[in-house]
Amino acid sequence: QTMSDTTKALYQAAKKDGELTWYVSHFGLDNATAVEQAFYKKYPGIKVNVVRATAQVIYQRLNQDILANTQVADVYSSTDNAHFVRLKADGRLLSYRPENADKVLPIFQNMDPDNQYHATSGAIIVIAYRSDKISAADAPKSWTDLLDPRFKGKLSFGHPAYSGFVGAWAIALEKKYGWSYFEKLRANNPQVGRSINDVITMLDAGERSVGHAGDGPFRKKEIEGAPYRTVFPEDGSVVILAGSGILKTSKRPNAAKLFMDFLLDVEPQQIRVDMDMGMPLRPEVKNVRGGKMPNEVNTIPVTDDDLKGLPALNERWRSTFGG
Amino acid sequence: MPYLSLANLECRFGEFTAVENLSLDFAEGEFIALLGPSGCGKTTTLRAIAGFVTPSSGSIRLGGRTLFGPHENLPPEQRQMSMIFQSYAIWPHMTVFENVAFGLRLRKLGRDEIERRTRRILEVVHLDQLAERLPAELSGGQQQRVALARAIVVEPKVLLLDEPLSNLDANLREEMRFEIRRLHDEFGITSVYVTHDQTEAMVTADRIVVMNRGRIEQVDSPKQVYDNPQTRFVAGFIGRTNLIDGSFTNGSFSAGSISLPFPAPVEQATALSVRPHRIGMGRSHSAAKQAFEIDGTLRSRVFLGETWEYEVAVPGLAAPLRVSRPPEDLFETGEAVRLALSSAAMVSVR
Amino acid sequence: MPYLSLANLECRFGEFTAVENLSLDFAEGEFIALLGPSGCGKTTTLRAIAGFVTPSSGSIRLGGRTLFGPHENLPPEQRQMSMIFQSYAIWPHMTVFENVAFGLRLRKLGRDEIERRTRRILEVVHLDQLAERLPAELSGGQQQRVALARAIVVEPKVLLLDEPLSNLDANLREEMRFEIRRLHDEFGITSVYVTHDQTEAMVTADRIVVMNRGRIEQVDSPKQVYDNPQTRFVAGFIGRTNLIDGSFTNGSFSAGSISLPFPAPVEQATALSVRPHRIGMGRSHSAAKQAFEIDGTLRSRVFLGETWEYEVAVPGLAAPLRVSRPPEDLFETGEAVRLALSSAAMVSVR
Amino acid sequence: MTQTNSLAGLRRWRRLLDPSTLVLLVLASALILLVGLPLFKLLSLSVLGPNGLTHDPLMTAFGRLRHLEALGRSLYIGVAVAIISTMVGVPMAWLVSRSNMPGRNFVTLTVVATFVMPPYLGAVAWMLLGGPNAGWINRAWEFLGAETKLLNIYSMEGIIFLIALYSIPFNFIFARSALDVVSSELEDAASILGASRFVTTIKITLPMIWPAILGGAIIALLESITLFGTPALLGIPAGITVATTQLWQFFEFPPRLDAAAAYSMALIAVTVLLLWMQRWFLRRKSFTAMTGKGGERRPVDLGRWRWPAFAACMTVAAMAVFLPLIVLLQAAFAKAWSRGFSFSNLTLANFDYLLFKNSSAIGSIWNTFWFSAVAATAAVAIALIVAYAQARRLLPGTGLLQFLCMVPIAIPGIVLAVAFYATFAPPPFALYGTAAMLILAFMIRSLPVAFINAAATVKSLNPEMEDAVRILGGSRATVMRKVVVPLTKGGLIGSWLLVFIAATRELSTAIFLTGPKTKVMSIVMLDLSEEGNFEVLSALGVLLLATAWIVVWVGQRVAGRDFMLRRP
Ligand SMILES: Nc1ncnc2c1ncn2[C@@H]1O[C@H](COP(=O)(O)OP(=O)(O)OP(=O)(O)O)[C@@H](O)[C@H]1O
Ligand SMILES: Nc1ncnc2c1ncn2[C@@H]1O[C@H](COP(=O)(O)OP(=O)(O)OP(=O)(O)O)[C@@H](O)[C@H]1O
Ligand SMILES: [Mg+2]
Ligand SMILES: [Mg+2]
């Protein structure tokens, strides 16, 4: 694979920066580490400091930095798009269009018309369950099925105040069914973790048997032979586009730009599919068996404007579920 | 019949025998002192009486009842004794009143009775003004009085005292010594007093038990113990003395070139004990020596206020003799002196 | 010219004056004891000489040089003195040898010199066998000897001793007392010895400084201090005594109904001091009393081994007189007795 | 008169120029900067808006019932924890100190192990042990045929249980230090008067160490209301918010530093109130048992209760140390912990990942130990200097220094972090993200413990020992080098260990202060727990424990086994 001249020039400039810090919530730690290593392999001499946490935690950290007037992060990746809306409004993002931005599938292009952030990852939130504990006949078909008493004590969710995925999911469901949906859900006594990945742990452990999840991880386990099934709910999956942007305060803009470009490259997308069976953004990367693209399923749309209601939703969530 | 009696008591700690074959009888109301050097087993004996140490053999009886024996071992809390400890062992979290009333409360007496008896005893030990103080706010002597009051107020059958005065300074010690004897005389409690201070024992006790290495050396009245020690150990431990090794034959004692008339020594006597202040001293003169006189040379002297302490070297004796004379009997170092002994001043010891 | 001199020394702690206007001269090689009750300022005086306490006024001079004065204050490390502490203050992490050699090392002497002098002094104090021991492995007396050796080995100009023996038991105390005097005599170091034990002071010192409440009461030789106390305090503090309040008029002393010939009292005398063992005692008889005789009644008696201690109530005197007699002078409680004083036994005090 | 005055003045000036004076002056300003300034900042943030005085932060902090409830819940947890851990820790201390229970040294060792185990790590282990459906204990319970769950760790009771478990060392240490100096004669005095063993214990022994019991309980209470890890791990899934997690929420978007500061005030108020109550309770009582000579101590014979008592102690140790350790080891060497023990499940991949693949983990291990070591060294050194200067009255004003050393005891760790963040993150200090930020915070946080220990150590040092050096011609510096330091070594190393271990487990303070390059293990573990990556988390935990144990083992060799006890 040859490098374009622009990229070459960027790489040369980036080498002087030597390193960059990447605040990331839209990959798990393993995944993020793998991306970091692939980057170093492709662009030797530029080290990526990975700081991985759930979306709200990493955002909190970014805000602490901003409050403290210190510059730590160069590239910021979050599953909560409201962060980008806010950062953009505050003028904290650098406008930059990487070469690879044109090479992703059209539905993922131009997330921000001003090129201050780009979709670098995506996921479809679906229902997952343990097939050894719940028969196919009993399995939930839609989000509303989860309200059925037969799932009492069996449900597991993430927390919108921590996870961007869960935030978007909660916004979508509130939009569709109103808050009463969650109040009814409360009656089924769900376990609420922090990350959406906590659901994996809970289901793995056998602590709970039904939950929401990005469609990748469980499908992967299913393929490997573990007792899991994923369901694209009839009343609509929630599609999440997770973005990345460069901070204006970055003292290593070239490394940041190079990395931004890399995020849209083939390698990270391949890693994503390989490790988590996530949804690839590049046409070159093949989705794995059973994987679907957003246009292939029924979805509940969530706009950037909707996401602005997240802090308020968190308040309601805490009133309903505590925590 | 004795009130409290110890028979063939033996206390071992592992291989080590702290008290060996000890038999002792106490009359009711008697004040007995256990006297001896550190480590001789005084505390062990006392604690065996109290029940804190379990003897390996022997028996302890009190007023006809067996406290300890082959088939008996009453725990301390049922022996109806009291004890006063070297460290006072005043409970720091209770006021003076509460400390003293503790034993009465355990006996489930009525409130008024407790109040009355506690107040009464606090008056006796002159602590009535300080009843509400905490121990930390008391002086050493006052603390010791609290310990006394606490022990006496329950009217124990036996009062045990383990070096109760050794943490006090000299003046206070003297004062408390009289206080203890006064309280004993007032309440007539049978008392066992452990000490390694001979003055304390002599001033307070009716009888003194001199112990050494876990054994009894002598049991006698203070005066007897002082005037007629049976063993070298007792002679040396109770008061200062000169011990002259020698042999007793045919009504006389001889050591080196010295020979003194001494008709009736104790059995197996091996030495003569002579108290320094019982030795007379004068300037040597050519006149013939009397039977009880020895010549020597004055080696050193020290003035102690009430007395002069002289050391006199006597030819034929290994150690110089110590002589104690009143201030007016002044001699110079190096002088030739003549020492005068009397038969009353000499005691034979084993 | 005195070797070490304190002039108008005053030491204050905040409002409290611990030492007041104290002036004292020491000859070279002299052994002086500071004697007094607890809290009288002995330690403060000693620490002022050492430089640990900064006096509020006065001056201290040593061999012609001012150690402390209005414009001078030499820190302790430059005063070339040594000190022996009540707590021994042996450094527990150093061997005996290292402890003793420490001062020499500070003086940057050569290795051999240090080795030689340390060995030598360890022999003097009989510790040569124990040079490599750690202090924890030594007995109290041995530790005290280490302290002595450590202080002496540097050949200080002045040796200061702060109750060096008070933590030792009686026998050891006596032994070490002689050891200290022996070393003083051997090395001739000017020494200041603080103690509250009169026997210790009398046995060791050339001169005794009796202090009370931060002031000097009397400075004299041991015998003078004992035989001719100037004040009530000294009379009572050095040895036991009977203090009889009264007035001196026309060559006689009168108190209550008693009158005794006493020609020349000290200035402002207000009482008579009579030592208990200087009082003679006999049975009262009807024959006329001599000038120096008083009648009384025997109130109590205690046997102390070397003596009988009697208390005799005398009509007209507030407190009973204490009388100390040898064991053979035996009287019974309640007996009417006649006490005999001699002019030599009586001292007038302020 | 004037002459003496000016002379005295001159002398005073000479004294002030003394190098030791300079050291103390520098120390004083540093402490004022590090302790006084953050507190002041906290106060000003909570009452000052951009336009002067405002009650807005206070309204935001306390204007909502939920926030007040969180505070109440914290207090409830704190009181419950204090009661439970006292009821367990004090009897254990009594057994170890006063009885002839077998294995007393071993029990002490398990308490040390409990102390070394960070509470959040214990919480993680207990998530695996006590999860309502999959937890080992419940599974074993079900296996035994039970229908109901034995326990659910994700609950108020679970949180209290777990915090109490790891608070036991505080109660144990306090009670044991006190019991160790109670002489048997005090108890004998009661028995001889007719008190049974039981009455003696209830009426004499325990009341006598009441200040120590109270002290331990208060520390346990304070620690539990300021703990972040355990409530975050167990409380969030159960929907239980406490004061610390609430404080954390103020940093969520939009961050309200001012409200966080105001909310912190409540925690400080609680702490100050508690410390004040403690003083009030103990106002008149000087409980120092007067032990002269004869303070001999004999163990109480438990008779046939010897082994049951030991078993009881081991049960506690099992819950606090053994079971968690087994679980952590299993998970650390497992591909998936939920698959249980089997050879096919064994792997070294988690360690491989931590040590060779993941830069932030290895960095955090290194960070944890060097931050803690530097902080502990600095705290012990400062504490020693201050304690020494005060004990020897080297200077006027050491009282202020002591006060500054002790003030942090009233500042919960998480509040200290907020205050530190607010003060030192922005310019001119701009320490955010630097190692200095964490080291200074750890140091300040451990100053009180270090100071109390140093003061006790210095107190045990006979000043005559130092005078002896000076009169022989040694300067103050010689005194320090040759006597003070060698003699206090043991005590200082002991206190260093205590501070060091406390720092390695610190989470509450670190949570706000770590930057990407200054992560410590506790933070990495919290992050890992957020992802549900228990295998790697356990592996990291095992590394932390292993390293801490090596340090403790080495330290014990130097400082003695009972380094945790405060001995006067
Ligand atoms: N619990 C014990 N275990 C082993 N040896 C003991 C124990 N108690 C006492 N001993 C030993 O028994 C001997 C006698 O001790 P005891 O306490 O009776 O002496 P003492 O006469 O009271 O001495 P002191 O005057 O020093 O108090 C001592 O050698 C002591 O070491
Ligand atoms: N540093 C100090 N601050 C305040 N008062 C002090 C200080 N040092 C000593 N004092 C007081 O000064 C007085 C004299 O003390 P000093 O130590 O000289 O007595 P002492 O004669 O040595 O007594 P002791 O025989 O008890 O050692 C005492 O009342 C003591 O309380
Ligand atoms: Mg004893
Ligand atoms: Mg003194």
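These notebook entries record what I looked up in a predicted model.

**Conventions.** I number residues from 1 along each chain as its sequence is written, and I letter chains from A and number ligands from 1 in the order in which they are written. The model is predicted, with local features needing pLDDT of at least 70, side-chain atom pairs counting only at pLDDT 80 or more, and totals for chains, interfaces and linings using all residues; side-chain values use heavy atoms, with hydrogens and water left out.

**Entry 1: domains of chain D.** I found chain D divided into domain 1 (24-43 + 241-265 + 354-568) and domain 2 (74-239 + 303-330); the bounds come from an automatic or database domain assignment. Taken over C-alpha atoms, the centres of the two domains are 25 Å apart. I then looked up their contact, meaning heavy atoms within 4.5 Å. In chain D, 40 residues of domain 1 touch 38 residues of domain 2. The area buried between these domains is about 3400 Å², and carbon and sulfur atoms give 73% of it. Buried area here is the accessible area (1.4 Å probe) that two parts lose on being put together, summed over both.

**Entry 2: helix pairs in chain D.** Helices (H or I, at least four residues) and strands (E, at least two) are DSSP runs, numbered from the N terminus. Axes are lines fitted to C-alpha atoms, for helices over the stretch in contact, and angles run from 0 to 180 degrees between N-to-C directions. How do helix 6 and helix 15 of chain D lie to each other? The axes of helix 6 (residues 119-130) and helix 15 (residues 306-332) of chain D come within 9 Å and cross at roughly 75°. The two helices are therefore roughly perpendicular to each other. Angles under 35 degrees count as roughly parallel, over 145 as roughly antiparallel, 65 to 115 as roughly perpendicular and the rest as oblique. I noted that the contact of helix 6 with helix 15 in chain D has 11 nonpolar, no polar and no charged residues. For these classes, Ala, Val, Leu, Ile, Met, Phe, Trp, Tyr, Cys and Pro count as nonpolar, Asp, Glu, Lys and Arg as charged, and the others, Gly among them, as polar.

I next examined helix 18 (residues 398-406) and helix 20 (residues 435-459) of chain D, whose axes come within 7 Å and cross at roughly 130°. This pair is therefore oblique. Gln402(D), Cys405(D) and Met406(D) of helix 18 make the contact with Leu447(D), Pro448(D), Phe451(D) and Ile452(D) of helix 20. These residues divide into 6 nonpolar, 1 polar and no charged.

**Entry 3: strands of chain B.** I found 3 strands of chain B in an open sheet, ordered 12-16-22 with antiparallel pairing; two strands pair if DSSP finds at least two bridges between them. Strand 12 (242-245) and strand 22 (346-349) of chain B each have a single partner strand, so one side of each is left without a neighbour in the sheet. Strand 12 joins strand 16 (residues 271-274) of chain B over 4 bridges, and Asn242(B) has Val274(B) as its bridge partner.

In chain B, 3 bridges join strand 13 (residues 247-249) to strand 14 (residues 252-255). Their hairpin has 2 residues between the strands, and Asn250(B) takes a positive phi near 50°.

**Entry 4: chain A against chain D.** I recorded 52 residues of chain A in contact with 47 residues of chain D. The two chains bury about 4200 Å² between them, 50% of it on carbon and sulfur atoms. Gln60(A), Arg194(A) and Glu207(A) supply 16% of the area that chain A buries against chain D, more than any other three residues.
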